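Subject: Structure handover

Hello,

Here is the structure I promised to pass on. Please open it first, then read my notes below.

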Amino acid sequence: MTLASILIQLLNGLAAAASLFLVSAGLSLIFGVTRIVNFAHGSLYMLGLYGAYSLIEFFGRTPLGFWGAVVLAALAVGLVGVLIEVLVLRRIYRAPELFQLLATFAVVLVIKDIALFTWGAEDLVGPRAPGLSMAVEIMGRRIPAYDLVLIAIGPVVLGLVWLLLTRTRWGALVRAATQDREMVGALGVDQAKLFTSVFFVGSVLAGLGGALQIPREPANLELDLAIIADAFVVTVVGGLGSIGGAFLAAIIIGVAKAFCIGIGTVTWFGFEVSFSKLTLVVEFLIMALVLVVRPYGLLGKPQAAQRAAEPAPRLQVPSWTFALVWLALLALVPLFADRYTTILLTDIVCFALFSVSLHFIMGPAGMVSFGHAAYFGIGAYAAGLLMKRFGLPMEAALLLAPLVAGLFAIVYGWFCVRLSGVYLAMLTLAFAQISWSIVFQWDSVTGGSNGVFGVWPSPWLADKTTYYYLALVLCGAGIVFLWRVLFSPFGYALRAGRDSPLRAEAIGIDLRGFQWAAFVLVGALAGLAGAVYAFSKGSISPSSISIAQSTDGLIMVLLGGVETLTGPVVGAAIFTWLRDVVARNTEFWRAVMGGVILLIVLLFPQGLVGGLKALVARWREQRA
Amino acid sequence: MSHAILQVEGLHKAFGGVQAVADVSFAVSAGEMLALIGPNGAGKSTCFNMLNGQLTPDSGIVRLEGRDIVGLRPRAIWRLGVGRTFQITATFASLSVRENVQMALYSHAGRLRSLLSRFGAAFAREADALLDQVGMLDQAERTCGVLAYGDLKRVELAIALANEPRLLLMDEPTAGMAPKERVALMELTARLARARNIAVLFTEHDMDVVFTQADRIIVLDRGVLIAGGTPPEVRANPNVRAVYLGSAH
Amino acid sequence: MTAPPMLEVKDLHAFYGRAHILHGISLEARAGEVVALLGRNGAGKSTAMKAIMGLVPPARGEVSFAGQRIERLPPYRIARLGLGYVPEERRIFTELSVMENLEVGRQAARAGVPLWTEDKLFALFPNLARMRERPGGRMSGGEQQMLTIARTLMGNPSCVLLDEPSEGLAPIIVEEMAHSIRALKGEGMSVILCEQNLHFALGVADRAYIIEKGQIRFGGSMAELAANDSLREQYLSV
């Protein structure tokens, strides 16, 4: 590489870093004060892009029209943020953290469909910035003038946010609330207003980040989850709550990506190494590296312990007769049901195991995973590839697939158990995204975006009803096994470690070792769910490993309720069934699902099963 | 006096150039109650955390029954026979009182790795015996998350005794308890320590507890030990009166 | 004729989680009066303060402050009426400087109440004046205790709830604290303080209540309390 090309890649990277920084700074600010991991933050970014596109069309492609549209779009997105805060989040600030997360997932679904309804499914390519569409020549290379403006905007916004936070009363309140919001309230500060204002500022930053991208990137419906993954990585690498850290991390990641594209394919010792293919993965590698060396990010500090966290309730030993009766009932269904129902039930059974395995790790083991689809997807791909590429019999592929998923969990888990809380959750997301990128790009083996086809079960299992019984037996056994483990010494040790890591260590428990083992265990069982699912569908696509699949799992668990054992099963059944019913009737199934989830969140803040139990308890009390 | 269980020699620790603990040496014997006192910020917690493995000293020797334990992790130190209670109680809130103690017993016996046996089947009697000793047997079935604070402290003591410790490290064992309960807890501790020949090192703010329950007292001020001796000796020490007890006592 | 009390609590009940902590306490404080709430640890003193302040929602009972019912109000509204709260754990904003900590506590001037400024507070707590830009996290326990009181005073309260102001402080600092509380009284402010340190309370308070298991067992002047050995033995065991 010449000096000139290094400089160009550097500038490219810095330009890309600008938007990344804006989005991440907003996310970090909102998380700091409200302690809500706002998954809908990426949706706000997406709205910024769409908004800017439409406003530019409206105002005309003049410099004033362009910049006016960018600013107006950002402010409008700020108002959307306020709307989300006031209508949804404000009502559930006292609900468990995970439930707030569920609410933001629902908002993601709703906004996606609003965008689909308003702007359609086609990508919208915005204009170049009027007056800045020329290129500037630097060391003989041409670089778009607009990129230079972006490079300047990053530090300017950083400076403005910094001034806002350190030189104004609002900034002092925000920083104080980041540490202890109850105390801020007791000093006479209206928290609701403060939160709303923080949401506004954070959302404006997201919207601005999106709007500024309009000359560089077409507006499309996949941006919400794509950018949220990037923003998570940036905030975590920089350190949660640190605006300066977000800036630093955005630059590191932006530049690293630019260099990967710039370097292209290089031959080292006779091996072709494609750096451009690394772009999708490089940020996650940086994140994994940073978190292992600096668990709280580059400029982050350990998060202040949240006061008054409700202790987890005691787990009720499941009634095995109850479980057996249900299994028997489920076994009888195909006798009455049509083929379609049987297939839907097979899906439900697979997702139930997926959801139970996720619950195991996030509930009793206390490690929330945002990337559980990694193991589901790896299990599915392993099953398909072992059969198609290695010529193994279907039965062997099905049984080996969980082991492959477990192997990946050994590697990923080793990193993950070094962290806790939000950092851990985001690292799991990173690993899922790495897995997705590999699957997506490794065309020759995984079939890339097309996936793997013709993954059908052996003839003796080909009948849908027979396959349903296989799924029921395997997944049912997996669920019962996980439940049983929860009440074993191993399971108790995990629960003990979740309740008090300090005490666990003080009585000789190697907590990390136990958590690692748990990671591998649930990874393998999620892999089993994925493998069974793959053979039931006959094909595997990268979506089985996507963020959307991971969030589906989270929704299932949270919908049913994380505090009960049966919750995740009920959640999986209702979610899968509802999605099927709704998707058959409307193009906008996401909005309907999102709306239903929001209703549930607002009405039953303990999840469906937890909420029903509370209702039953109240009813009994009244009768007594 | 019997032999020293814990021996500390020349302990040093600095944080970013600030000396938190400097040249601290002392020993605790089997069956002895040694109180470590000092004003806030004197370095008591730092000192304590270097003994239990949470911090590594910059220099100095910590010996448990003659064996150097510097650099060992907390769980390794526990395996060598050190029980701990915390300033802010740390118990397993979602488990029952009995299960909390059983957890320590299972861990002590190395039986936590089983995936399929049912937890709670073993060590129930042993757990109950320990709970009986601390007066918590009648609440064995209750979930720790709903216990009163003083009761949690007693559960902690039972947990700390589960590995038949040679040394008990108690960080402000009576903080947050009612005055009468405080003395009762420390009387119980002293009784158990003597009966089982356990060495006890504790920090404490409540001077009534310290002067009635400790066999010996050492006083830390700004990272340095400024006095040590029996309660009457320490009470009479003019240095101690100046930096700690003040005119009120 | 006497003026109505500044703060009046009637039959207040409160729960902490499921535990019923306050079983109907009643007390009052008049303008310019220092009232001590005495009792053992766990007797319910802190919960009483939190319930008055709205931090633990009262389950039953009435709280009136400056002629207004406040038992259903959120904490920030109560604070804005001029009731200040100084928590036991101090809860300083460790990342913020002394000046910024004070800024968070600032409220508009209140009619009939002395206006507190940074300079006036620095005169009351001279230690703080020497560390205006120091982050709260790098202060000693005593300095933090001064700051947490100063921070609450920035709201120009007419009445302050002080939870265990002397706890964990060196005797010399405790004496300074007593001096500061008398100074507040001199400004015409009502002060309600929770204490376990009877010696300290005797030095600053006009009247005392003894709380035990969530109920008021005694209310009277400090002189009465000082004269009654059995009362002290029974409820305070000093």
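**Helix α1 of chain C**

This helix covers residues 45–53. Is it buried or exposed? Of its 9 residues, 9 are buried, so the helix is largely enclosed by the rest of the structure. The buried residues are C:Lys45, C:Ser46, C:Thr47, C:Ala48, C:Met49, C:Lys50, C:Ala51, C:Ile52 and C:Met53.

**The sheet in chain C**

Chain C has an open sheet of 6 strands. Their order is β6-β7-β8-β3-β9-β10, with mixed pairing. The edges are β6 (83–86) and β10 (215–221). Each has a single partner strand, so one side of each is left without a neighbour in the sheet. On average, neighbouring strands are turned by 15° against each other, direction ignored.

Look next at β7 (residues 159–163) and β8 (residues 190–195) of chain C. They pair in the parallel sense over 5 bridges. C:Leu161 stands opposite C:Ile192 in β8(C). Helix α7 (residues 171–186) of chain C lies across β3 (34–38), β7 and β8. The helix runs at about 155° to β8(C).

**The sheet in chain B**

Chain B has an open sheet of 6 strands, in the order β6-β7-β8-β3-β9-β10. The pairing is mixed. At the edges stand β6 (82–85) and β10 (224–229) of chain B. One side of each is left without a neighbour in the sheet, because each has a single partner strand. From one strand to the next, the twist averages 15°.

Strands β3 (residues 33–37) and β8 (residues 199–203) of chain B run parallel and are joined by 4 bridges. B:Met33 stands opposite B:Val200 in β8(B). Helix α5 (residues 149–161) of chain B packs on the sheet and touches β6 and β7 (167–171). Its direction makes about 170° with that of β6(B).

**Confidence in chain B**

The average pLDDT of chain B is 88, and 94% of the residues score at least 70. Where is confidence highest and lowest in this chain? Helix α3 (residues 97–109) is highest, at 96. Helix α9 (residues 238–245) is lowest, at a mean of 70. Over residues 245–249 of chain B, pLDDT stays under 50. For that stretch the model has 9 contacts beyond four places in sequence. Where pLDDT is low, the predicted coordinates should not be read in detail.

Best wishes

How values were computed. Residues are numbered from 1 along each chain as its sequence is written. Chains are lettered from A and ligands numbered from 1 in the order in which they are written. This is a predicted model: local features need pLDDT of at least 70, side-chain atom pairs count only at pLDDT 80 or more; totals for chains, interfaces and linings use all residues. Side-chain values use heavy atoms; hydrogens and water are left out. pLDDT is the predictor's confidence in each residue, from 0 to 100. Helices (H or I, at least four residues) and strands (E, at least two) are DSSP runs, numbered from the N terminus. Contact means heavy atoms within 4.5 Å. Two strands pair if DSSP finds at least two bridges between them. Axes are lines fitted to C-alpha atoms, for helices over the stretch in contact, and angles run from 0 to 180 degrees between N-to-C directions. Buried means under 20% relative accessible area, exposed over 50%, partly exposed in between (1.4 Å probe, protein chains only).
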